[in-house]
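Dear colleague,

Please find the structure below, followed by a short account of what was found in it.

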Amino acid sequence: MQCGTMVAELLQFIIAGLKSGAVYALVALGFTIVFGATGAINFAQGEFYMLGGMTGVLLTTWGVPLPLAVVGAVMLTAVIGAAFELVAVRPIASGDPLRIIMVTIGGSVVLRQAALHLFGPDERALRPFTAGPSLRLLGAAVERQTLWVWAITAMAVVVLAVVYRQTMFGKAMRATSIRRDAARLVGIDASAMVTASFGLAAALGALGGLVVAPLTQTAFYVGSGMGVKGFAAAILGGLGNPVAAVGGGLILGLLESLTAGYLDPLYKDAVALVVLLGVLFLRPQGLLGGRGTEKV
Amino acid sequence: MRGRILRLSMAVLEAALAAALAVTLVACSAPTSPKPDAGEGGEKSGEPIKIGAVVSLTGTYAGLGEPEKATLEMEVERINAAGGINGRPIELIIEDDATDEAKAVAAAAKLIEQDKVIAIIGATGTGQTMAMRGDIQRAGVPQVSMAGGTVITAQFDPLVFATPWSNTIVVPYTLEALKADGITKIAVISDSGGFGKDGVAVLQAEAPKAGIEIVANETFNPGDTDMTAQLTKIKGTAAQALVMWSAGKEAATVVKNARDLGLELPIYGSHGNARKEFAEGAGEAGDGVRFAAGKILVPETYGEGTEAYKVATDFIARFTEKTGSAPSTFAGHAYDALYLIVEAAKRVQGELTPAALRDEIEKTSGFVGIGGTFNMSPTDHNGLTKDDLTLYEVKDGAFTVVK
């Protein structure tokens with residue numbers, strides 16, 4: 001094979017990897033945010049990804065213009081996420097992470113079955129954000145929707161960083177995740193911060209489900225699979241560190257794509273898992289996680 | 001005082017337990033005595049005939065199982081209104097397997113042990129259908145599956161029948177269509193699930209016979225959201241057409257990824273793509289995709305005025321009226337499964353037992369259903385031929401017939 005086509009092939013694999021990776025990153029961010037606030041893994045995170053796509057499709061079928069439908073779906077899912085926290089997680093007075101984890105596993109089943117009854121069992125399609133043929137980059141193709149995936153993920157990360165660093169709300173969130181008791185002593189409503197973390201995580205998951213829906217269709221059952229990927233990405237990067245979660249997502253996407261391209265697509269999921277296990281053995285704090293070990 | 005109440009409640013509990021035990025014992029000993037009307041030719045009218053169905057109403061195949069359930073309920077109601085089977089009404093018992101093999105086994109066991117059905121329709125998926133086989137064999141109850149995997153009838157079992165067109169019919173038909181277009185080199189992409197694996201195995205066996213070479217064989221996992229890597233590899237081969245074997249929503253992603261990559265090969269899918277969700281999901285990229293499937297998608301292909309045309313249009317009209325949308329091919333598989341059993345049961349002389357029913361289903365000849373005209377034999381438990389297929393092309397989100 002010619003050198004030119006080999007470079008184009010590699011570039012194509014990288015583009016595909018970064019596309020999936022960006023979506024994993026959004027879901028992984030949701031995991032880290034809830035982990036930061038509660039010390040627990042929110043296993044319903046994948047269902048928020050599903051709800052984002054499905055409510056977005058529902059709104060467009062009602063005639064809502066696409067941009068509004070996207071914003072509406074993100075907000076609706078955020079409200080569902082916050083409500084889920086109020087109804088199911090808050091009553092656990094002790095805030096024991098293990099019990100929160102069990103509640104979120106149950107919650108994910110409830111959300112999935114509710115979606116089946118509300119939206120029906122069929123796959124649904126969302127139209128691309130901008131129509132048109134894919135663009136060319138050194139012999140590789142980039143779908144227009146892929147650019148949206150990257151743009152929206154980058155935007156979400158920047159907005160999140162600004163909110164966390166600059167605003168009072170963000171500082172309160174960070175304070176709560178560092179030490180809950182101390183945060184309460186300085187007048188931060190820690191319970192409200194936990195609710196906000198679920199809302200925020202749901203919004204990020206929904207965003208992931210929305211940007212990818214025009215590429216893959218969505219259905220009531222897509223949540224659990226994506227939940228596993230997002231969780232793996234969050235662990236890979238290092239839980240509790242938002243930047244690491246994004247890095248973990250992108251690395252996972254690239255690994256999968258390169259495995260599918262140069263080895264066998266069937267091993268794709270397995271390779272990701274093996275790398276994950278390797279990281280857990282050698283660097284339990286995650287590839288990019290330096291801080292946050294005090295959580296363990 | 002408290003002690004007395006405790007003792008009293010213990011006594012009540014003991015009495016209740018004893019009563020429950022007695023009832024259970026009586027109930028357990030009852031079935032061993034022969035029914036008084038057995039052997040009278042099953043003439044006793046009014047006593048319902050129990051037929052079980054295992055469908056996927058939740059889980060990945062819910063989109064297939066829902067129309068199957070709607071069809072079974074609608075048709076049983078219709079058959080009972082017209083007098084049932086020789087004067088006896090049908091009692092349909094539907095179980096959900098949640099697209100899970102273990103649950104399918106549990107559902108089959110429940111239908112056999114508790115409900116004592118004479119036949120089982122199902123399951124929706126190939127994996128679930130195969131998982132039930134042990135219980136089917138133990139009970140000696142005939143099973144009519146609605147799943148498309150070749151293994152169901154290829155791993156032959158005297159008790160097991162299947163209504164969808166199997167890959168052993170669809171693959172050769174598709175290869176003929178490719179050959180007619182002058183194509184000799186194909187790239188294959190399939191899902192690693194049961195349906196895709198099965199299709200590829202048949203393709204590998206049949207392609208050399210048709211003079212067609214498979215130059216690339218790529219797979220993806222159900223649930224994958226991007227197939228760009230596999231298609232990029234295919235782009236670098238000498239393939240003249242892309243053959244895709246997948247029944248899931250991933251098929252639409254394959255088609256979109258292929259067109260976005262600038263892969264301009266003609267795409268040939270399978271009967272797994274005969275769903276409106278595929279055409280919707282693929283959007284513009286779906287234009288020109290061809291696949292072979294049964295005639296229900298465009299009833300005119302049955303031949304207007306024929307019995308098959310009448311049966312199909314009749315069913316489409318009733319289904320559309322009940323559910324508000326046209327039936328998918330899966331609804332048709334359920335229709336065929338039910339009527340194969342019902343028609344066979346009507347023909348049974350003497351007592352209607354599972355064994356007698358099985359023998360009659362095997363003797364089915366010239367039964368005009370939705371999937372085609374069924375001719376069962378002791379070696380063929382599907383009974384369809386490639387004459388029951390039509391080549392379709394997706395155009396503007398609709399299925400058109402390729403002349």
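What covers the buried residues of H8(B)? The cover includes helix H6 (151-154), helix H7 (167-180), strand E6 (185-191), strand E7 (213-220) and strand E8 (241-245) of chain B.

This is a predicted model, in which local features need pLDDT of at least 70 and side-chain atom pairs pLDDT 80 or more, while totals for chains, interfaces and linings use all residues. Residues are numbered from 1 along each chain as its sequence is written, chains are lettered from A and ligands numbered from 1 in the order written, and side-chain values use heavy atoms, without hydrogens or water.

Among the buried residues of H8(B) are Phe195(B), Val200(B) and Leu203(B); buried means under 20% relative accessible area, exposed over 50% and partly exposed in between (1.4 Å probe, protein chains only). Helices (H or I, at least four residues) and strands (E, at least two) are DSSP runs, numbered from the N terminus.

Ser145(B) belongs to strand E4 (residues 143-145) of chain B, and counts as buried because its relative accessibility is 0%. The side chain of Ser145(B) makes a polar contact with that of Thr129(B) at 3.0 Å (a pair of N or O atoms within 3.5 Å; within protein, one must be able to donate a hydrogen and the other to accept it, and residues adjacent in sequence count only if both atoms are side-chain atoms).

In chain A, Leu10(A) is located in helix H1. Leu10(A) counts as partly exposed because its relative accessibility is 36%.

With kind regards

How values were computed:
Contact = heavy atoms within 4.5 Å.
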